[in-house]
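Please read them alongside the structure.

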Amino acid sequence: MKNKLYTIACALLIGISGSAQEVEFTEYDLDNGLHVILHQENKAPVVTVGVMYHVGAKDEEKGRTGFAHFFEHLLFEGTENIERGKWFDIVSANGGRNNANTTQDRTYYYETLPSNNLELGLWMESERMLHPVINKIGVDTQNEVVKEEKRQRIDNAPYGKIIYKTGINKYLFKKHPYGQSVIGSMEDLDAAKLDEFVAFNKKYYNPNNATLVVAGDIQIEDAKKMISDYFGSIKNNGEKITRTTIVEDPITSEITAVEKDANIQIPAKVLVYRTPKQTEKDAYVLDYISTILTGGNSSRMQKNMVEDKKMALQVIAFTDSQEDYGTYLMGALPLGDVSLDKLLAEMDSEIAKLQNELISEREFNKLQNQFENNFVNSNSSIEGIANSLARYNMLYDDTNLINKEIEIYRSITREDIQNVAKKYLNKNQRLNLDYLPESSK
């Protein structure tokens, strides 16, 4: 095994007071390709065991969307040695909690337990990888669960098609599978045969496509021994996944669209831009721009559109950077009889200011302090540290970003902010969406 030990101390200076954060971790590979990351923190008797698989909605085949998210549910059904429907009961009976989540790029499962139950967590995750039971009753049960989740979160939820981007990404991505939603198509799931679910598991749920992270009240050498015992003998069902880069054509003229929602009474004006992948510096600059526009009560759009001009009930701006591409969304809900066109003009004015004027030194210093403070607080829980370690390793290929990502933000200049706004936030490069109540004409 190839072993690497990182011990990083990152001192952060905020104003005149110092605040230090240190995340130490050990990482290595098992012979079967499973990447292991260990973080020892003995302040509290708690441990998180997480496994991140490099499979998300973007890995699904056309006509079979929703598989990755479906597996987030299906692999809690049970294993050869864990009775069907008992997963959550076992964890809670041992004083723990567990969950899972799926994105376009990865799926993550974790248990947080009292540290004397570390071995239980490792056994359960090894069972999920080695002995999952994928049968008709489990597939049928989880099919209904997923359908109900879609009804609650998207179909019957106000602004659900914005929040979960089912009414957005299909316009921005014509070639790349980011155009399909994470929750997928219920028709695709209904049409899928049992052997297709079995094949999906064999292809993606292998040691060579996963990162195991153990964080909390552990002893490194003891944890290594347990991990070797539970995961070392698991064989891969296939070669390590290789992915083809899918390149989208540039957006060269504004895309206009209308989406309707039966769950709302107040419309929204939404602008969305396709942006670079998460590892590029420009993606970090867009984080700064989001904060400038809507990051707090003194942010530009909040102060101008909500407080001063009283034309917007609510404003939002955020970037969603992913493994291959990102999106940048700006939006506003009108107050009273303000038209969506007026909201559009005001948002365009805010963009133009960023493109044509450097932000002030005072605003820039405040922005930097906000991100310094966020960095100090970002790993305040063992669960958060475990997730970050796995994510940085899998999607950024640099586990140590957990300590040094702040250096990227510190390197951003006022000129960078202006240049990125000019490069990506242009009218001919965006989706201009009117999001309307179903009753609107």
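1. Helix α10 (residues 281-294) and helix α15 (residues 401-411) have axes that come within 10 Å and cross at roughly 75°. The model is a predicted one. Angles of 65 to 115 degrees count as roughly perpendicular, and α10 and α15 are therefore roughly perpendicular to each other.

2. On the α10 side, the contact is made by Lys 281, Tyr 284, Asp 287 and Tyr 288. Their counterparts in α15 are Leu 401, Glu 405, Ile 408, Tyr 409 and Ser 411. By class, the residues of this contact of α10 with α15 comprise five nonpolar, one polar and three charged.

3. An open sheet is built from five strands in the order β8-β12-β9-β11-β10, with mixed pairing. At its edges are β8 (255-261) and β10 (312-321), each of which pairs on one side only. On average, and with direction ignored, neighbouring strands of this sheet are turned by 15° against each other.

4. Within the sheet, strand β9 (residues 268-275) and strand β11 (residues 326-334) run antiparallel and are joined by seven bridges. Which residue of β11 is the bridge partner of Lys 269? The partner is Ala 332.

5. Helix α10 also packs on the sheet, where it touches β9, β10 and β11. The direction of α10 makes about 170° with that of β10.

6. Helix α11 (residues 300-308) lies across β10 and β11. Relative to β10, α11 runs at about 155°. Angles over 145 degrees count as roughly antiparallel.

Technical notes. Residues numbered from 1 in each chain as written. Predicted model: local features only at pLDDT ≥ 70, side-chain atom pairs only at ≥ 80, totals over all residues. Heavy atoms only, no water. Axes fitted to C-alpha atoms, helices over the stretch in contact; angles between N-to-C directions. Helix = DSSP H or I, 4+ residues; strand = E, 2+ residues; numbered from the N terminus. Parallel < 35°, antiparallel > 145°, perpendicular 65-115°, else oblique. Contact = heavy atoms within 4.5 Å. Nonpolar A, V, L, I, M, F, W, Y, C, P; charged D, E, K, R; others polar. Pairing = 2+ DSSP bridges.
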